[in-house]
Amino acid sequence: MDQRLTPIKLDSYQPLREVVCESLRDAIRKGILKPGQRIMEIKLAEELGVSRTPVREAIRKLELEGYVVMMPRRGTYVADMSIRDINEIFEIRTALESLSNGLAAEHITEDELEHLQRLLVVIGGYIKEYEDGPDREAAMDKIVKTDIEFHDLLYHAARNNRLVDIISNLRDQLTRFRTLSMSYPGRLEATLDEHREIVETIANGDGRAARKAAVHHMENSEKTLLKAMDIAINQKAEAKTAKKKKARSPKVNA
């Protein structure tokens, strides 16, 4: 059964187009709007409870961010992500994360450093909750949200607004895969260790080591994501084959 979008609450302080954009972006990340799915303005407007204008404006912004593609005479579709796309994004992001970490080692404040260290403790608690608690999905949502907060703080500590905007855009293009990557066996603990390494090098004011830690983190993140995607693709193919075999099997009357 297709999932529907949740109607938007119109009490937000943000412009309506921004609220609609955020809602559609979140739907793509969560898989409610799936890769390759056609985007129908009228249908989305009805589900969100708004007019077509803010939906159209949101779609244009999402195209710039890489979430959707507009094809002449064919319509607009949720962007699919190829292995090559992922390689290219990580290639650029690794270079920028390295630059960001190096700058953060020079410019970070004591308050920001303390905040980063607190976030490491929080993430560690959520990981334990994920491993031992009854609601793994809710725990994973908390981990992903806090991980984003951790990286946002690092970006802002670099004191370069343009760098923040560019990295955030690249990061957002892969956010839909973050849960898949984080769920890979052993990745949560490894990510926490890599984050600790980043914070330690920045706390020491060692720009070179901080850049190296960023590269190490990005390389491991890419490798894990590609492994997790390979498993997911194989599982999907196996399920499709099993479904076809079941459909071809003759029914036996009792």
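Val-215 lies in helix 10 of this predicted model. With a relative accessibility of 26%, Val-215 counts as partly exposed, since buried would require a value under 20%. Leaving aside neighbours within four places in sequence, Val-215 is in contact with Thr-94 and Ser-98. Glu-112 is 103 residues away from Val-215 along the chain, and the two C-alpha atoms are separated by 21 Å.

**Overall layout**

The protein has 10 helices and three strands. Read from the N terminus, the order of elements is α-β-α-α-β-β-α-α-α-α-α-α-α. The C-alpha trace spans about 70 × 50 × 35 Å along its principal axes. Of the 254 residues in the protein, 41% are buried. Among contacts with a separation of 6 or more, residues 24 or more positions apart account for 73%.

**Nonpolar cores**

The largest nonpolar core contains 26 residues, and Leu-116, Met-140, Phe-150, Leu-188 and Ile-202 have the most contacts inside it. Two or more residues of this core are given by each of helix 4 (83-107), helix 5 (110-132), helix 6 (136-157), helix 9 (187-203) and helix 10 (207-248). Helix 6 supplies the largest share, eight residues.

What does Phe-150 touch when its neighbours within four places in sequence are left aside? Its contacts are Leu-116, Leu-119, Leu-120, His-195 and Val-199. A second, separate core has 22 residues, including Ala-27, Ile-32, Ala-58 and Ile-59.

**Helix 5 against helix 9**

The axes of helix 5 and helix 9 come within 11 Å and cross at roughly 170 degrees. Helix 5 is therefore roughly antiparallel to helix 9, because angles over 145 degrees count as such. On the helix 5 side, the contact is made by Leu-113, Leu-116, Gln-117, Leu-120, Ile-123, Gly-124, Ile-127, Tyr-130 and Glu-131. Helix 9 contributes Leu-188, Glu-189, Leu-192, His-195, Arg-196, Val-199 and Ala-203. Leu-116 of helix 5 and Leu-188 of helix 9 take part in this contact, and both are listed among the residues with the most contacts inside the largest core.

Arg-25 and Ser-23 are both placed in helix 1 (residues 16-29). Arg-25 counts as buried at 11% relative accessibility. Leaving out residues up to four places away in sequence, Arg-25 touches Lys-61, Leu-62, Glu-65 and Tyr-67. Ser-23 also counts as buried, at 19% relative accessibility, because the cut-off for buried is under 20%. With the nearby sequence positions again not counted, up to four places away, Ser-23 touches Ile-8 and Leu-48.

Glu-149 has its place in helix 6. Is Glu-149 exposed, partly exposed or buried? Its relative accessible area is 35%, so Glu-149 is partly exposed. Glu-149 touches His-115 and Leu-119, not counting residues up to four places away in sequence. Val-55 is 94 residues from Glu-149 in sequence and 27 Å from it in space, C-alpha to C-alpha.

**Positive phi angles**

Most residues other than glycine have a negative phi. Arg-73 has a positive phi of about 65 degrees although it is not a glycine. Its place is the loop between strand 2 (68-71) and strand 3 (75-78). At 85% relative accessibility, Arg-73 counts as exposed.

Arg-159 also has a positive phi without being a glycine, in this case about 60 degrees. Arg-159 is found in the loop between helix 6 and helix 7 (161-173). Its relative accessible area of 43% makes Arg-159 partly exposed.

**Accessibility of selected residues**

| Residue | Relative accessibility | Class |
|---|---|---|
| Arg-25 | 11% | buried |
| Ser-23 | 19% | buried |
| Val-215 | 26% | partly exposed |
| Glu-149 | 35% | partly exposed |
| Arg-159 | 43% | partly exposed |
| Arg-73 | 85% | exposed |

Note on methods: Residues are numbered from 1 along each chain as its sequence is written. This is a predicted model: local features need pLDDT of at least 70, side-chain atom pairs count only at pLDDT 80 or more; totals for chains, interfaces and linings use all residues. Side-chain values use heavy atoms; hydrogens and water are left out. A nonpolar core is a set of buried Ala, Val, Leu, Ile, Met, Phe, Trp, Tyr and Cys residues joined through side-chain atoms within 4.5 Å. Buried means under 20% relative accessible area, exposed over 50%, partly exposed in between (1.4 Å probe, protein chains only). Helices (H or I, at least four residues) and strands (E, at least two) are DSSP runs, numbered from the N terminus. Contact means heavy atoms within 4.5 Å. Axes are lines fitted to C-alpha atoms, for helices over the stretch in contact, and angles run from 0 to 180 degrees between N-to-C directions. Angles under 35 degrees count as roughly parallel, over 145 as roughly antiparallel, 65 to 115 as roughly perpendicular and the rest as oblique.
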